[in-house]
Amino acid sequence: MTELSKTGAAVGEPVSAPSDAPSTFLEVRDLKVHFPTDDGLVKSVDGLSFSVEKGKTLSIVGESGSGKSVTSLAIMGLHRLGARGKNVQMSGEIWLDGQELVNADPDEVRKLRGREMAMIFQDPLSAMHPYYTIGSQIVEAYRVHHKVDKKTARKRAIEMLDRVGIPEPAKRADSYPHEFSGGMRQRAMIAMALVNNPELLIADEPTTALDVTVQAQILDLIRDLQKEFGSAVILITHDLGVVAEIADEVLVMYGGRCVERGAVDEIFEKPQHPYTWGLLGSMPRIDRETSDRLIPVKGQPPSLINVPSGCAFHPRCPYADLPKGDVTRTVRPELQLVGSGHYTACHLSQEDRTRIWTEEIAPKL
Amino acid sequence: MSETKKTDAADAVVPQQAVAPEDRADSAKGSGDREVLLRVQGLKKHFPIRKGVLQRQVAAVKAVDGIDFEVRKGETLGVVGESGCGKSTMGRVITRLQDPTGGTIEFEGQDITSLSVGKMRPLRRDIQMIFQDPYGSLNPRHTIGSIVSAPFRLQGVAPEGGVKKEVQRLLELVGLSPEHYNRYPHEFSGGQRQRIGIARALALKPKLVVADEPVSALDVSIQAQVVNLMDDLQSELGLTYVIIAHDLSVVRHVSDRIAVMYLGKIVELADRTSLYEAPMHPYTKALMSAVPVPDPKRRGAKSERILLKGDVPSPIAPPSGCRFHTRCWKATEICKTTEPPLLELKPGQQVACHHPENAADQAPQDTVLLSAAREAVELVIPAQSSPQESEASKEASEPEAAEPVVAKAAAEEEAPAEAEAEAEGADDAAEAETEAEEGDASAETEAHEAEASADAEAAEVDASVEAETEAAEVDASVEAEAKSDAAEADRQESTDK
């Protein structure tokens, strides 16, 4: 913890007075999640700040190991639960509807979990209990937060299953998770997550394991439910196609930190960070034909134990030598405002970034 | 594609070192003249389901159920489809990792369908496979050197300059360092392991490489690295690929021709441009419209999207007639009763459908839509105004989607002009002409289609919807049951393995 406070000064832009309650629905300020291991301290999330309004969708994008899932588990307060508060170091603030979660009593957080915030996991088969029927698991989730008898809860569970588009919900409620197909399981999981009308829904790669046709169904479902319930949604994904489809705001993570954040149109039209360019260049496009080579990011994602000094992206960045001196190797760039609500953490000058994007990257995409 | 073309191929140039990535568009065009490397006819693979004390076969999972295709030298054939459509099984059967239940596989003119393990061995040199899971396909107790040199040992091949030198050359070829020779798989990341798998597959200079989801387990940036690597290796070594993938964007990027599979059948087989610009099979169209496009501006512009309802039916008891009829919005009585053959409706585009998109209707007399057809899909029409909105609302009764097609439909009258504009980019003048023709044809058929569906609409109003809904529900429950059976069978199989 002492080590954390030393680096505590490195914070994203919007954090000015970290102690007063924010006006946005969810606000994360300078979140750090570190795991001590035998090999060293794994800095999974290292100073992350963002906020989500009700009714909006924030997409967190990044490669595996960039800290996306750790962030979502931190918000849900699930780190301490698993590690009994011993093997994880967390600092920073997470404000959910005026309540701070990082330093809150775990029992308080438990009351919020499920009711105020809920989560959809990537693999619904391992996220559900194989021994209990779908219906009984939803009933359980509902009765934790509502003092109702089993019959009422079951009615509610069936209603939710119906809402997420499961045919014959009354019959299927008695099925076991393995009897459902992948898409149906994911629907059931969404039903379970939404049974208590949570105001924050975190979806961690909800469609990665699914076929495109089913993915389209699930994304539409999430979008509809969000409209209906007005909840805030955090969607974690690595698929920029999904992001473009559903997100209002995008946060690009690299090496446990935010490298770029902004409205979805800004990120796709005027991306400012070389890593975002790399992600866009790596994607084969379905909407246009090109026989050109893809433009991948060279090298490997960084180890979170030995995050490169300075800008964590500099060993893979083709433009690392552009700024004068060795600033990219020694100074960690902070988020700076580059457009309306658009932040990026990069040492390149604004002119360089604009020039590289418009002249070198955009034409090749 | 056609027999005559194939015989021409005798004197065709074997594209050993040819096909640079830039020439791929041309090579796709010219691939009709190339030698056929692999020919598959009526290929079937059924997995028996056994029950009871006597283990009598009660049913079969028809994973692959009669498919025909060819792979020509130097080209890349992409195979796409939802999970459970049999694409991976197909890959395993054509490499003879599993024995087919029926049909024939010809490799370089030789029938390899029922070759014994011993007879097959020398051919294994020429047919190699890259697997999906870079973690599961490398033995954790062997060093990289021994993994990549295994093919030499097994085949008794002594490469020039010694095995070690050759392995190190291969490692360099796939972008690894020769010093990695003595390391173990766990020391490598997913992308690097996939490169090791590729090095192993290339060790014996194969002619055909079957890659089953080669990049789906990798991160986006690493995925791009591996795609580029496979591209480079193809042009360097003149490889022929069969790439099996579920990601339509990747397939579009890497393939010359693409086969779309549904429930063990090929429903459409066409070259890349035709397939993505003007898909003929409704399933292809639905599949493509479901892929999220990484461009937020398209959210509003996308005039319609086809959302297929439900899941793929069970391959144990696939639907009668056209297998897609339970989820298709164009399904009529004939689709229920007669299985459509895979026909070449346009040069280089084969499709198995009675009522194809972008082509003349194969069963124009049959216009009464099945009741389920109306409910089969949900059309997503965004509220935002788009340039095509007037067009879209006019077409609202006629399910159309996949915006390249909509764009074409919207510009019905301008189609020839558009085709010409498209062709401008192409180097080939002849190509431009054919494309302009195609444009004409598609405009015509589009108009024809509009008429047909208007008829169908009128007829459909009469049908009592409610009764059918019930019937459909019962169907669904039967299907669901069959499905769980299938899952069980699958599990059994995996434990058997």
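In the predicted model, the centres of domain 1 and domain 2 of chain A, taken over C-alpha atoms, are separated by 31 Å. The assignment, whose bounds come from an automatic or database domain assignment, gives domain 1 as 23-116 + 198-365 and domain 2 as 130-195 of chain A. Residues are numbered from 1 along each chain as its sequence is written, and chains are lettered from A in the order in which they are written. Local features need pLDDT of at least 70, side-chain atom pairs count only at pLDDT 80 or more, totals for chains, interfaces and linings use all residues, and side-chain values use heavy atoms, with hydrogens and water left out.

Contact (heavy atoms within 4.5 Å) involves 18 residues of domain 1 of chain A and 11 residues of domain 2 of chain A. Between them the two domains bury about 1300 Å², 66% of it on carbon and sulfur atoms, buried area being the accessible area (1.4 Å probe) that two parts lose on being put together, summed over both. Of the area that domain 1 of chain A buries against domain 2 of chain A, 33% is supplied by A:R115, A:L221 and A:L225, more than by any other three residues.

The count between the two domains is 1 salt bridge, defined as a side-chain nitrogen of Lys or Arg within 4 Å of a carboxyl oxygen of Asp or Glu. A salt bridge joins the side chains of A:R163 and A:E228 (2.7 Å, N to O). On the side of domain 1 of chain A that touches domain 2 of chain A, the elements giving two or more residues are α4 (106-112) and α10 (212-229) of chain A, helices being DSSP runs (H or I, at least four residues) numbered from the N terminus. Of these, α10(A) gives the most, with 9 residues.
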